[in-house]
Amino acid sequence: MSYIEILLLRHLTRRPAHGYELRKRVERTTGVRLNNNSLYPALRRFEEAGAVTKSEEPQDGRPPRLVYALTPLGRELLHDMLADLTPEQAIDDYEFLTRLGQFALLEPGERLAVLDARDKALETRIAHLAEMLTRSVGDRWAAAVTTELSRRDVAERGWLAELRTLAAGP
């Protein structure tokens, strides 16, 4: 599952929506651009899994609009997706930040596990960047980029330490 699917389910927790409305709500609130090739297959998978239901809403002079609503199983799926952050996902900014933005739906221990996964991923990347820096001797531009990426990751680890305090509370 990807952050796109989390965003779709999260928006359906607020109220049912037809596909176009759901796409626009996600785009408006996150800046993430969705296309129909990612939206409708995800909704179809969710429907097949029992996470959403689909109903027809009549429209004057047009075919009925398909409206999607989240089921209790869909709420559980959303929770599980938010609480699970694999090492591959933990290094991806969108995957991590999408979960972080939904921390209100997680318990303190689950929040801390997500933060720990991100911190470990950053630690690994910082070590990799240090190796790259030793190989970039004599190439000031490569060294500048590698140094900046490392600086950003170190700064984020400091921010994660601050978030741990917040995440431990309600």
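What follows is a short tour of a predicted model, starting at the sheet and ending at a salt bridge.

## The sheet

Start with the strands. There are three of them in an open sheet, ordered β1-β3-β2, and the pairing is antiparallel. The edges belong to β1 (17-18) and β2 (52-59); each has a single partner strand, so one side of each goes without a neighbour in the sheet.

As background, side chains in a regular strand alternate between the two faces of the sheet. Keep that in mind as you click along the strands here.

## Who pairs with whom

Take the β1 side first. β1 and β3 (residues 62-70) run antiparallel and are joined by two bridges. Ala-17 has Tyr-68 of β3 as its bridge partner, while His-18 sits opposite Val-67 in β3.

Among the pairs to look up, Ser-55 is partnered with Val-67 of β3, and Glu-56 with Leu-66 of β3.

## A helix across the strands

Helix α3 (residues 36-49) lies across β2 and β3, and it runs at about 120° to β2.

## α1 against α2

On to the helices. Two packed helices are described by the angle between their axes and the distance between the axes. For α1 (residues 3-14) and α2, the axes come within 10 Å and cross at roughly 105°. The two helices are therefore roughly perpendicular to each other.

On the α1 side, the contact is made by Leu-7, Leu-8, His-11, Leu-12 and Arg-14. From α2 come Leu-22, Arg-25, Val-26, Thr-29 and Thr-30. Sorted by class, this α1 and α2 contact has five nonpolar, three polar and two charged residues.

The crossing of α6 with α7 is left-handed. Asp-93, Phe-96, Arg-99 and Leu-100 of α6 make the contact with Val-114, Leu-115 and Arg-118 of α7. By class, that gives four nonpolar, no polar and three charged residues.

α7 also packs with α8 (residues 140-167): their axes come within 9 Å and cross at roughly 160°. α7 and α8 are therefore roughly antiparallel to each other, and α7 passes α8 in a left-handed crossing. The residues of the α7 and α8 contact split into 15 nonpolar, three polar and ten charged.

## Salt bridges

Which residue does Arg-25 meet in a salt bridge? Its partner is Glu-21, with 3.4 Å from N to O. Arg-25 and Glu-21 are four residues apart in α2 (residues 19-30), which means about one helical turn separates them. Arg-25 is also one of the α2 residues in the contact with α1.

As a general point, side chains of opposite charge can pair when their charged atoms come close. In this model, the salt bridge count comes to 16.

Definitions and conventions
Residues numbered from 1 in each chain as written. Predicted model: local features only at pLDDT ≥ 70, side-chain atom pairs only at ≥ 80, totals over all residues. Heavy atoms only, no water. Left-handed = near helix turned anticlockwise from the far one by under 90°. Contact = heavy atoms within 4.5 Å. Nonpolar A, V, L, I, M, F, W, Y, C, P; charged D, E, K, R; others polar. Pairing = 2+ DSSP bridges. Axes fitted to C-alpha atoms, helices over the stretch in contact; angles between N-to-C directions. Salt bridge = Lys/Arg side-chain N within 4 Å of Asp/Glu carboxyl O. Parallel < 35°, antiparallel > 145°, perpendicular 65-115°, else oblique.
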